[in-house]
Amino acid sequence: MKKQGKLYTNAADEARVRSIAEKITTVLPEKIPVKIYLVKDETVNAFCLIDGSVFVHSGLLRTLKDDNQLAAVIAHEYGHAAARHGAENLTKLMMKS
């Protein structure tokens, strides 16, 4: 995504997302490093990679009404990382090959 120019920087957006993510990671059963990336995309979406990297679309940030909603989305994404859903999906894909 970086090579495609889809990632963007915005100090206010990054600080907002990082602050919320840091609070959430303090209560996770396993420590996940806070790796936040902003995606220049108007869809209302966020996703998490196997390593716990969270990608938040600009469209999501513009749509949410407050930080509580953003916290719910980020917590949901960290839930995927904690439950190892990415690794599980990758394993399923590899088994089909």
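# Briefing: fold, buried residues and salt bridges

Asp 67 counts as partly exposed, at 39% relative accessibility; here buried means under 20% relative accessible area, exposed over 50%, and partly exposed in between (1.4 Å probe, protein chains only). The structure is a predicted model, in which local features need pLDDT of at least 70 and side-chain atom pairs count only at pLDDT 80 or more, while totals for chains, interfaces and linings use all residues. Residues are numbered from 1 along each chain as its sequence is written, and side-chain values use heavy atoms, with hydrogens and water left out.

**Overall composition**

- The chain contains four helices and four strands, where helices (H or I, at least four residues) and strands (E, at least two) are DSSP runs numbered from the N terminus.
- Along the sequence, these elements follow the pattern β-α-β-β-β-α-α-α.
- The chain has 97 residues, of which 31% count as buried.
- Among contacts (heavy atoms within 4.5 Å) with a separation of 6 or more, 50% join residues 24 or more positions apart.

- The four strands form an open sheet of mixed pairing, in the order β1-β2-β4-β3; two strands pair if DSSP finds at least two bridges between them.
- β1 (7-8) and β3 (46-48) are the edge strands, and each has a single partner strand, so one side of each is left without a neighbour in the sheet.
- Two bridges connect β1 with β2 in the antiparallel sense, and Tyr 8 stands opposite Leu 38 in β2.
- β2 and β4 run parallel and are joined by four bridges; Tyr 37 stands opposite Phe 55 in β4.
- β3 and β4 (residues 54-57) run antiparallel, with three bridges between them, and the bridge partner of Ala 46 in β4 is Val 56.

**Helices against the sheet**

- Helix α1 (residues 11-25) lies across β1, β2 (36-39) and β4, and runs at about 140 degrees to β2; axes are lines fitted to C-alpha atoms, for helices over the stretch in contact, and angles run from 0 to 180 degrees between N-to-C directions.
- Helix α3 (residues 67-82) also packs on the sheet, where it touches β2, β3 and β4, and its direction makes about 25 degrees with that of β3.

- Ile 20 belongs to helix α1 and is buried, with a relative accessible area of 9%.
- Leaving aside neighbours within four places in sequence, Ile 20 is in contact with Asp 67, Leu 70, Ala 71 and Ile 74.
- Ile 20 and Ala 75 are 55 residues apart along the chain, yet their C-alpha atoms are separated by 9.1 Å.
- Glu 77 is found in helix α3 and is buried, with a relative accessible area of 9%.
- Not counting residues up to four places away in sequence, Glu 77 touches Ala 46, Phe 47, Cys 48 and Val 54.
- A polar atom of the Glu 77 side chain lies 3.3 Å from the backbone nitrogen of Cys 48.

**Salt bridges**

- The whole structure holds three salt bridges, each defined as a side-chain nitrogen of Lys or Arg within 4 Å of a carboxyl oxygen of Asp or Glu.
- Asp 67 forms a salt bridge with Arg 16, with the closest N and O atoms 2.6 Å apart.
- This pair links distant parts of the chain, as Asp 67 is in helix α3 and Arg 16 in helix α1, 51 residues apart; Arg 16 is partly exposed, with a relative accessible area of 23%.
- Lys 35 forms a salt bridge with Asp 51, the closest N and O atoms being 3.1 Å apart.
- Lys 35 lies in the loop between α1 and β2 and Asp 51 in the loop between β3 and β4, so the pair ties together parts that are 16 residues apart in sequence.
- Lys 35 is partly exposed at 26% relative accessibility, and Asp 51 is partly exposed at 38%.
- Arg 62 and Glu 42 meet through their side chains in a salt bridge of 2.8 Å, N to O.
- Arg 62 lies in helix α2 (residues 58-63) and Glu 42 in the loop between β2 and β3, so the pair ties together parts that are 20 residues apart in sequence.
- Arg 62 is exposed, with a relative accessible area of 56%, and Glu 42 is exposed, with 52%.

Conventions
A polar contact is a pair of N or O atoms within 3.5 Å; within protein, one must be able to donate a hydrogen and the other to accept it, and residues adjacent in sequence count only if both atoms are side-chain atoms.
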